[in-house]
There are 2 protein chains.
Amino acid sequence: MEMKSCPGYQMAGIAAGLKKNNAKDLGLIYSEVEASVAGVFTRNKIQAAPVLLDKERIKSGVCQAIVANSGNANCCTGEKGIQDALHTARLAASGLGISEDRVLVASTGVIGEALPMDKVEGAIPDLIGALDPNGVADFAEAIMTTDTVPKIVSRHGELDGVLFTITGVAKGAGMIQPDMATLLCFVITDIKAKPDKLKEMLRAATDNSLNRITIDGDTSTNDTVLLMANGISEALVNDADQTATFQAVLDDVLITLAKQLVKDGEGATKLVEIVVKGASSYDDAQQIANTVANSNLLKTAFFGEDANWGRILMAVGRAGVPVDPDTIDVYFDDVLMVQNSVGCGKAAENKATQVLKKSEFNVTIDLKMGNGNASVFTCDFSVDYVKINADYRS
Amino acid sequence: MEMKSCPGYQMAGIAAGLKKNNAKDLGLIYSEVEASVAGVFTRNKIQAAPVLLDKERIKSGVCQAIVANSGNANCCTGEKGIQDALHTARLAASGLGISEDRVLVASTGVIGEALPMDKVEGAIPDLIGALDPNGVADFAEAIMTTDTVPKIVSRHGELDGVLFTITGVAKGAGMIQPDMATLLCFVITDIKAKPDKLKEMLRAATDNSLNRITIDGDTSTNDTVLLMANGISEALVNDADQTATFQAVLDDVLITLAKQLVKDGEGATKLVEIVVKGASSYDDAQQIANTVANSNLLKTAFFGEDANWGRILMAVGRAGVPVDPDTIDVYFDDVLMVQNSVGCGKAAENKATQVLKKSEFNVTIDLKMGNGNASVFTCDFSVDYVKINADYRS
């Protein structure tokens, strides 16, 4: 795949031997000039060394390079893990001729094994040598774990007559659940913006995208979303109009990536949007949507293409928020399947079964209590999810 | 199986055609005299008709019969569902010649389909005819859904020199999660006790047993635990000593049933006790134990016999309670696998892998922060869980 990432950036991805299968596993994003940067990180109390390092470094609001590896999470690796993250950044900085504290790092893979630093050290010169304005596909490949396809989204926009570009790359597949940034995701753009402005826009965009997906309800120790803005395009994002224009494109990039992530969830065969309407509040709606989206019983029924709406009502009922048990409507796409908490019969069920055969559909739950609406993207739960995760380390 | 249940009780279980495969699906417990009764019911906001009916009737504290069916949950069936539950109780009362409000009902099976009352009505006379002091095995079979074995536990004890008996029967397999009574469970005893005393002892026993198990994190709409005491033995439970004596035997019955339920969880091949020690409080310990016990990633690793302790720390970290990320120890049985949040290396991992090959083992997580301890029983998550639940209704 030949694909230009974004003006003023180069990327690379090579095989450093961290994965067992000779696949690409070490990636680099390099901005030709110093860039503003913002990040959101996992809320898991157990945080990997690269997360701990990035959270410190990102306080400066400036960054010029990101080194990311797959095959090893550098998590639960103690003081050595921190030293390894620091050393990785130092090696990249030295090879690139930039300041060490302008380099961020990210890791994904097995928890609890030391990063093989001899392999990383040996590979960094090749990695820098491979930097290319068209390197985005290689980079996207280098951060994949159980992902089956790379995720890259690029969009253009216009600010006060000046073109700008946003390119996002992400990896997901497992340990994905809407509790903050739930994966590795790197977004680069050529706009000019202050770090605080970037942070505000990144938070809004992740709340609207990556925090609305779930694959298995587990939250990783390594989740990281970084947004770099190098200012090459001279498109300025500062006032409210400029912010709204950029936010719309950024949202689009992140929502598109989020949906790609769920579609490629471990073992997933279906992308399902769970829409909750008419809850007492937004928080209640979100809580119900998350509970439904994470019900193993429901997700296995999706896999079996079984319109088992009883499991939807069961999950609504155990979400821990008030619901009127007698007024719930449920739709599969446009098919009304349950009205006032009672099934609509065989004809409706037959139509709903057709909806379930699709690879993408939505389930709408209308509580008819208030104005709280929310939606979450989830996937089905297949035999392959279990197979993938039973054998992940072997 | 010939097995005496408990003095003064008779049971039956027959095939009424509610299940597709001609298996037993209608059961009856009958006490020869009126009994004190206590119950705990699901906390799911969506509650099946039999739960709604029992919660009303149990206020009297007196009961003489319980009709239970499998194959149909009589849930999300609207006003007709309530009428069907009432009618079922009325038919049994009439056949037994007892007052209608002395009959409780319980259902388990598919949600959202009307109970086929013609079949129930036709079968009640045969059901009553089949009542037998040795009928406990038939009854246990009649309440099974995806259970592969019936669960019956009987224990004897002595109160002030008088022998007493407790017999418990349960069904579980799916939609099991520690949020109150999480299944159908019927316990009969021949002691003499007031309903309030029974209720206090039943609550304590369920908190210590059925509320400490999880199979898939889902909570049913039909969960019901009933305890009947008919006083036939003249063993009185009233003062503190008597209560302690009876409570110990009741706890034993319910813990044994709880473990049987998890062992027979849908697709389960392993029974795992998750023990959390040294949390800041009991509530924190319980929250962590539940989160770990419900992690799909960890449960699939158990199935794969993979000592993937990183997933344990991940789950601890996302439990939403304070933990010190650098002081966590993890044991598989007696094997120290993680010390101060860092892995103990290959030798420990090899030993832990041997533990994982067992059909029963425990995982101990020591947070070294305080005195909060809790434990939960869970099972592994297998390919068969998905297969069973993808095809449940077909």
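Lys357(A) is exposed in this predicted model, because 9 other C-beta atoms lie within 10 Å and a residue with 12 or fewer counts as exposed. Lys357(A) belongs to the loop that joins helix 10 (346–356) to strand 13 (360–366) of chain A. Its C-alpha atom is separated by 14 Å from that of Val335(A), a residue 22 places apart along the chain.

Between the C-alpha atoms of Ser295(A) and Ser154(A), which are 141 residues apart along the chain, the separation is 33 Å.

The largest nonpolar core comprises 267 residues. Leu28(A), Val316(A), Leu28(B) and Val316(B) have the most contacts inside this core. Leaving aside residues up to four places away in sequence, Val316(B) touches Ile288(B), Val292(B), Val323(B), Ile328(B) and Ile365(B), together with Ile46(A) of chain A.

Val316(B) is also one of the buried residues of helix 9 of chain B. This helix, spanning residues 309–317, is mostly covered, with 9 of its 9 residues buried. Among them are Trp309(B), Arg311(B) and Met314(B).

Helix 9 of chain B packs against helix 7 (residues 282–293) of chain B; the two axes come within 8 Å and cross at roughly 135 degrees. The two helices are therefore oblique to each other, and their crossing is right-handed. On the helix 7 side, Ile288(B), Thr291(B) and Val292(B) take part, and they meet Ile312(B), Ala315(B) and Val316(B) of helix 9 of chain B. This contact contains 5 nonpolar residues, 1 polar residue and no charged residues.

**Further helix contacts**

In chain A, the axes of helix 1 (residues 49–57) and helix 2 (residues 78–96) come within 8 Å and cross at roughly 60 degrees. Helix 1 of chain A is therefore oblique to helix 2 of chain A. The crossing of these two helices is right-handed. Helix 1 of chain A contributes Ala49(A), Pro50(A), Leu52(A) and Leu53(A), which meet Gly81(A), Ile82(A), Asp84(A), Ala85(A) and Leu86(A) in helix 2 of chain A. By class, the residues of this contact are 7 nonpolar, 1 polar and 1 charged.

A further contact joins the two chains: helix 11 (residues 383–390) of chain A and helix 11 (residues 383–390) of chain B pack at an angle of about 170 degrees, their axes being 8 Å apart. The angle makes the two helices roughly antiparallel, because angles over 145 degrees fall in that class. Val383(A), Val386(A) and Lys387(A) make this contact with Val383(B), Val386(B) and Lys387(B). The residues involved divide into 4 nonpolar, no polar and 2 charged.

| Helix pair | Angle | Axis distance |
|---|---|---|
| Helix 1 of chain A and helix 2 of chain A | roughly 60 degrees | within 8 Å |
| Helix 7 of chain B and helix 9 of chain B | roughly 135 degrees | within 8 Å |
| Helix 11 of chain A and helix 11 of chain B | about 170 degrees | 8 Å |

Key. Residues are numbered from 1 along each chain as its sequence is written. Chains are lettered from A and ligands numbered from 1 in the order in which they are written. This is a predicted model: local features need pLDDT of at least 70, side-chain atom pairs count only at pLDDT 80 or more; totals for chains, interfaces and linings use all residues. Axes are lines fitted to C-alpha atoms, for helices over the stretch in contact, and angles run from 0 to 180 degrees between N-to-C directions. Helices (H or I, at least four residues) and strands (E, at least two) are DSSP runs, numbered from the N terminus. Angles under 35 degrees count as roughly parallel, over 145 as roughly antiparallel, 65 to 115 as roughly perpendicular and the rest as oblique. A crossing is left-handed if the near helix is turned anticlockwise from the far one by less than a right angle, and right-handed if clockwise. Two residues are in contact if their C-beta atoms, placed from the backbone, lie within 7 Å. Ala, Val, Leu, Ile, Met, Phe, Trp, Tyr, Cys and Pro count as nonpolar, Asp, Glu, Lys and Arg as charged, and the others, Gly among them, as polar. A nonpolar core is a set of buried Ala, Val, Leu, Ile, Met, Phe, Trp, Tyr and Cys residues joined through C-beta atoms within 7 Å. A residue is buried if 20 or more other C-beta atoms lie within 10 Å of its own, exposed if 12 or fewer, and partly exposed in between; C-beta atoms are placed from the backbone.
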